[in-house]
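Please look over the sequence and the structure shown here before reading the notes below. They take up a few local features, one topic at a time.

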Amino acid sequence: MSLINTKIKPFSNQAFKNGNFVQVTDKDVEGKWSVFFFYPADFTFVCPTELGDVADYYDEFQKLGVDIYSVSTNTHFTHKAWHSSSESIAKIKYAMIGNPTGTLTRNFDNLREDEGLADRGTSIINPQGIIQAIEVTAEGIGRDARDLLRKVKAAQYVASHPGEVCPAKWQEGGATLAPSLDLVGKI
């Protein structure tokens, strides 16, 4: 069963953010747009390229009122060590949530139970805590922060413009569609 249009489950996890250990809960997500960016493990290969890419676009996400939460089944201590030892990871200003029990990752139906690792999954959450988009890729396929930013903008546009939808390759300012019987078979 898809988690699209379902409310996120309650959680409380330790995270590393801006040089400090902080507690992050489902209450922190309420009232704002959020992205949960799951990845398999710290000190790996594709993961730092993705997390660094998201860090490069973090200010743009913030301008849109979007909080980013990266999540792996490593601890918050491991996140701090990685942040201290990697140039790519040192750029990160967003919360790096530790999830050694796998509970949060499991809540998003993103845990490889046999390995205890998260899949490479992304979820966009609206201010009501409802999942609007999910993307999961195989281990060797990295994600693109620019496309994630585009998807967030599309989700925000649709939320603020009832009756309109964003077509494929939609970019901010681009044409949208107003679904109706008149459009059936004409697109």
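This is a predicted model: local features need pLDDT of at least 70, side-chain atom pairs count only at pLDDT 80 or more; totals for chains, interfaces and linings use all residues.

**Helix α7**

- Helix α7 runs over residues 145-160, and its 16 residues reach 22 Å from the first C-alpha to the last, which is close to the 22 Å expected at 1.5 Å a residue.
- At the start of α7, the backbone nitrogen of Arg146 has a side-chain oxygen of Asp144 within 2.8 Å.
- The residues of α7 that are buried are Ala145, Leu148, Leu149, Arg150, Val152, Ala154, Ala155 and Gln156.
- The cover over these buried residues of α7 includes the strands β3 (33-38), β4 (66-72) and β8 (120-125), together with the helices α2 (46-56) and α3 (58-63).

**Thr25 in strand β2**

- Thr25 belongs to strand β2, which spans residues 20-25, and it counts as buried because its relative accessibility is 19%, under the 20% cut-off.
- A polar atom of the Thr25 side chain lies 3.1 Å from the backbone nitrogen of Lys27.
- When neighbours within four places in sequence are left aside, Thr25 is in contact with Phe11 and Ser12.

- Ile4, Ile134 and Val136 make a nonpolar surface patch of about 220 Å².
- Val136, one of the residues of this patch, is placed in strand β9, residues 131-137.

How values were computed:
Residues are numbered from 1 along each chain as its sequence is written. Side-chain values use heavy atoms; hydrogens and water are left out. Patches are made of residues with over 30% relative accessible area and no salt bridge: like charges are joined within 9 Å, nonpolar side chains (Val, Leu, Ile, Met, Phe, Trp, Tyr) within 5 Å. Accessible areas come from the Shrake-Rupley method with a 1.4 Å probe; for residues, only the protein chains shown count as cover. A salt bridge is a side-chain nitrogen of Lys or Arg within 4 Å of a carboxyl oxygen of Asp or Glu. Helices (H or I, at least four residues) and strands (E, at least two) are DSSP runs, numbered from the N terminus. The expected span of a helix is 1.5 Å times one less than its number of residues. Buried means under 20% relative accessible area, exposed over 50%, partly exposed in between (1.4 Å probe, protein chains only). Contact means heavy atoms within 4.5 Å. A polar contact is a pair of N or O atoms within 3.5 Å; within protein, one must be able to donate a hydrogen and the other to accept it, and residues adjacent in sequence count only if both atoms are side-chain atoms.
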